[in-house]
Amino acid sequence: MPPNIKDLFFTETTHVDEVNCRATMSRQWLLENRNGVGRHPISVDNHLDFYICASEAFPHIVKDINAAIKSIDLICWGFDPGMEVTDRNAKDWPRSTTYGDLLRERASSGVTVRLLVWFADGWFGPIGRVASNLYGHPKWGRANKSDPNYARAKFCEDWWDDAMAGRIPNLHVRYRSADAGAITASLKGETPGFTDIEVLGLIRVATHHQKPILIDVELREEAVGYVMGLNSTTDYWDTPAHLYNDERRGHQREGGADKRNSGLGLKPFRDYAIRVKGKALHCLNRNFVTAWDKAKRNWDPVPESSKVSAIQGETGKKNSNTSRAKLVKDMLDETFKGPIVKLGRGDSQPGRLQSTREAITPDAFRLLPSGTTRQMAQIVRTQPEESDKTIQEAYWLATSQARNYLYIENQYFQYTPWAEHLKAMRKRYVKRMRECGWGTNVPDLYVFIVIPEAERHGMVPRTYDTVAELGQAQTMKNYDEAVRQQREWSLGFFNQWIATPFKKLMSLGRLIPSIDEITKADIVDSAARAPVSEAELDDMGIKVLIAKLYTQDSHSNRCREIYIHSKLMIIDDVFLTLGSANMNVRSMVVDSEINISCVNAEFARGARERVWGNLAGEEWDGGDGNPLSIQKTHEGWVKKMKENAKFVDKQNGRIQDFIVTYSDQRGGTGVTGVRVAQAPAAATYNEALA
């Protein structure tokens, strides 16, 4: 069940000045009720760097990996050994250093490399593996010499063979699959109105979707980490320029095909990453070691055998940074309290890695160079195995505090309970403000939503329900028309009292529903929700725009969509959260996810200016962020989006920047009728907050 907002607020006593009858309070942005060692501590000693797209993020990741002394820990939804991670300088593979070669070299030099990936095993494994998240893995078959992609496929195949056979010294690969029992418990109260097949899909085809990186976590000052939405597969690479057909992105055979532009290379892709230094690394460390120790070891035939303070690899080969040996040992001796923990080569008991790192406290990461800017941060997760839904709670709490603007850029905007929550919070705020004498002058809240067209037909109904809840049903014209017709039909006397009950009665005698019933089921469910008008939103003071992103060929007027893989939210130039979590029930409740939430005006504003300036042009980057600037920016976006949409539809002019009015011309789920996490109808949520 979505969180009760009242449980998220941290209450304390404040004093009212007897002279001026005023009190000073601050808004709560982070989960203070979840704050604590071993839980989700809030730390102020952090330095964060914000990167747009893989072309900005991966050069820093590579630099940090190359500087590693002790360990490199990676959690991936998917891993592609053939992905090029340094600056790409050619149109054909390999365009630069591959991820597989980078990790092989670092492991062979004596650094312990641990790679934890998601792998769908069990009876439903073949369904999960449709994602092809482990490029070249033997479970996907062997490379074919007649394949034009043979050299790349063979490279990846050989890398996986070596990794899983233990032929790369100091490289350890493990995998984890989802815990159906834990997910079933996590879903309790979250799926009213969902179909049986939707619930079955959530439970049996759940994923581990986190993508953090940790480097030299044992070494305090050397330690660095990353929280991101970026996957470690080649088709997630792009630049902020989002060129129409950038050959450096790769060919269609290397990743996700663009069905609308089959003659072009891989899609333009958008995503982000945050580099982390400081005390937040403590939580990233805890997240990794607990997952690693529980992970299956089928792919890790040579267990680790090393001392906590050693810089010498398992094979006896010395690290290339031996001149720093004494410095490293001194750091380790100071970091770890108590005796050195030894690992036996044959050890297979859970908790082993955790035992070597349990003495690393948050204070161990406190040392930042003087003059370094610091940001307050909190690591939040979705982790059904640990009953952790703090990402969902973070979205609920931060949304309740929005007063000026709220920006969401997300791959899946399919979480109707969040839209209901936004409106409920806004209603309560406006009501209280008017009671205090503001009348109709309560400042508006400007909502910017940037999303792609729904990836599959099965996602259309849920996307529609979410955008419709924010008064944007018309952006999905054909589906909306079918919903309106269904509402009119259902309200008719004959259909309401005779035809509909008769159909339901007849369906009870059949095991298999008719094709007509299957294809219209999503429409019927959406029509059961009350329509939301723009006037209702105006009364709440909510101004909503929904955009998608397009890029254009420099030599013609042809356009193609930029696929948004982002998971970013920024509010009021104060709060920012970024990570792996999408705006859907999967990410909030089912799949393992990890985000970082940050409260810092300079950091949030800087990210907002960079993101908006890149998408809409510097003229519409929000300026200084005051209410008037945000209002003008919102109006400027709407105008530019509409103008660009005309050129995208007719391909008879030049678009400016990337923002285009959101639209999706598809109808329902199609003949299969398989909905992907259909949104439940709103119930008594608003009443509970009255």
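Author: A helix here is a DSSP run of H or I of at least four residues, and a strand is a run of E of at least two, numbered from the N terminus. The model is predicted.

Reader: Where does that place P94?

Author: P94 sits in the loop between β2 and α3 (99-108).

Reader: What kind of peptide bond joins W93 and P94?

Author: A cis bond. Its omega is about -10 degrees.

Reader: Why is D216 called buried?

Author: Its relative accessible area is 1%. Buried means under 20%, so D216 qualifies. D216 lies in the loop between β5 (213-215) and β6 (224-228).

Reader: What is the phi of D216?

Author: Near 50 degrees. That is a positive value, in a residue other than glycine.

Reader: How do you know that the side chain of D216 makes a polar contact with I69?

Author: A polar atom of that side chain lies 2.7 Å from the backbone nitrogen of I69. The cut-off for a pair of N or O atoms is 3.5 Å, so the pair falls within it.

Reader: Which residues does D216 contact, leaving aside neighbours within four places in sequence?

Author: A67, A68, I69, K70, S71, E222 and A223. Each counts because contact means heavy atoms within 4.5 Å.

Reader: Why is A67 called partly exposed?

Author: A67 has a relative accessible area of 40%. A67 is in the loop between α2 (54-66) and β2 (71-76).

Reader: What does A67 touch, not counting residues up to four places away in sequence?

Author: R106 and D216.

Reader: How far apart are the C-alpha atoms of A67 and R106?

Author: They are separated by 9.3 Å. Along the chain, the two residues are 39 residues apart.

Reader: What makes C21 exposed?

Author: Its relative accessible area of 60%. Exposed means over 50%, so C21 passes. C21 is found in the loop between α1 (5-8) and β1 (46-52).

Conventions
Residues numbered from 1 in each chain as written. Predicted model: local features only at pLDDT ≥ 70, side-chain atom pairs only at ≥ 80, totals over all residues. Heavy atoms only, no water. Buried < 20%, exposed > 50% of the residue type's maximum accessible area, 1.4 Å probe, protein only. Polar contact = N/O pair within 3.5 Å; in protein donor to acceptor, adjacent residues only side chain to side chain.
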